[in-house]
Amino acid sequence: TTKSHNNLIVEGNVGIGTVSPTSSLHIIKSTPSITLETANNSNDPIINLKSSGAITSEGAQMWYDNSIGSLHIQTTYPNNAADIVFHTATGADKSTGNIRMVIGGDGNVGIGTTSPRGKLDIVGNTDNDADFLTIQDNDPSAGSHRPSIRFRSDTAQIGQIASLDNGMRFSVGTTEDSLLEIKNGGNVGIGTASPSYKLQVTSADANDDVAYIHHDNASQTSG
């Protein structure tokens, strides 16, 4: 151990609460903790993980943004090849197995895959009786559950799929007006949210053709 000005340099492992440290810093205590506190609120406490080169060449950082209270995690590899990878236990130290989620360097997120093809890519095996994606509405009011998926441009909603208590509803545009309704009893409605038949096509305009069936075989007739 050497001391140079205000720096303490330790060659070897450091043990706190143990005389046999097995890593660079080894803490044994009933409730161990480490605190990084900035003495100036304009600065952010940070943890760097890096190779022997500059942090901007290869490494990762975790820091707390004092200005807005956000926690940041990032890789600092200078291109989009570096991913952030989440694992669960494998029984091995620093194992590459059991990867559960990946945030790709290009921003894509993969669950069950290490090569996500889109902004969110979920891969699994339905033979295991596992849901791929669950959207749940915990509204306590009876008959008012409506979990939904909304599709938007950068300025407005362009469509929606809503799951109601008694069926599914498909709509287009900024409203939730039903264009296609599938009831839990099997009835399908086009232009109506309350189909009374297996297929019911309804139009508010009496001059509209409500159904048109066409084929390209000239020897046949359409009905």
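Let's start on the surface. Ile16, Leu25, Ile34, Leu36, Ile47, Leu49, Met62, Tyr64, Leu71 and Ile73 make up a nonpolar patch there. Together they have about 980 Å² of accessible area. Keep in mind that this is a predicted model.

Which strands each supply at least two residues of that patch? They are β5, residues 46–50, β6, residues 59–65, and β7, residues 70–75.

Now take one patch member, Ile16. Ile16 sits in strand β3, which covers residues 14–16. Its relative accessible area is 44%. That lies between the 20% and 50% cut-offs, so Ile16 counts as partly exposed.

Next, a sheet. Four strands form an open sheet in the order β8-β9-β10-β11. The pairing is mixed. At the edges stand β8, residues 84–87, and β11, residues 120–122. Each has a single partner strand, so one side of each is left without a neighbour in the sheet. From one strand to the next, the twist averages 15°.

Look at one pair in that sheet. Strand β10, residues 109–111, runs parallel to β11, and 3 bridges join them. Ile111 has Ile122 of β11 as its bridge partner.

Now the whole protein. How many helices and strands are there? The count is 0 helices and 17 strands. The radius of gyration is 29 Å. For 223 residues the globule rule gives 17 Å, so the protein is more spread out than a compact globule. Along its principal axes, the C-alpha trace spans about 95 × 45 × 35 Å. Finally, burial: 16% of the 223 residues are buried.

Notes
Residues are numbered from 1 along each chain as its sequence is written. This is a predicted model: local features need pLDDT of at least 70, side-chain atom pairs count only at pLDDT 80 or more; totals for chains, interfaces and linings use all residues. Side-chain values use heavy atoms; hydrogens and water are left out. Patches are made of residues with over 30% relative accessible area and no salt bridge: like charges are joined within 9 Å, nonpolar side chains (Val, Leu, Ile, Met, Phe, Trp, Tyr) within 5 Å. Accessible areas come from the Shrake-Rupley method with a 1.4 Å probe; for residues, only the protein chains shown count as cover. A salt bridge is a side-chain nitrogen of Lys or Arg within 4 Å of a carboxyl oxygen of Asp or Glu. Buried means under 20% relative accessible area, exposed over 50%, partly exposed in between (1.4 Å probe, protein chains only). Two strands pair if DSSP finds at least two bridges between them. Axes are lines fitted to C-alpha atoms, for helices over the stretch in contact, and angles run from 0 to 180 degrees between N-to-C directions. The radius of gyration is taken over C-alpha atoms; the globule rule is 2.2 Å times the number of residues to the power 0.38.
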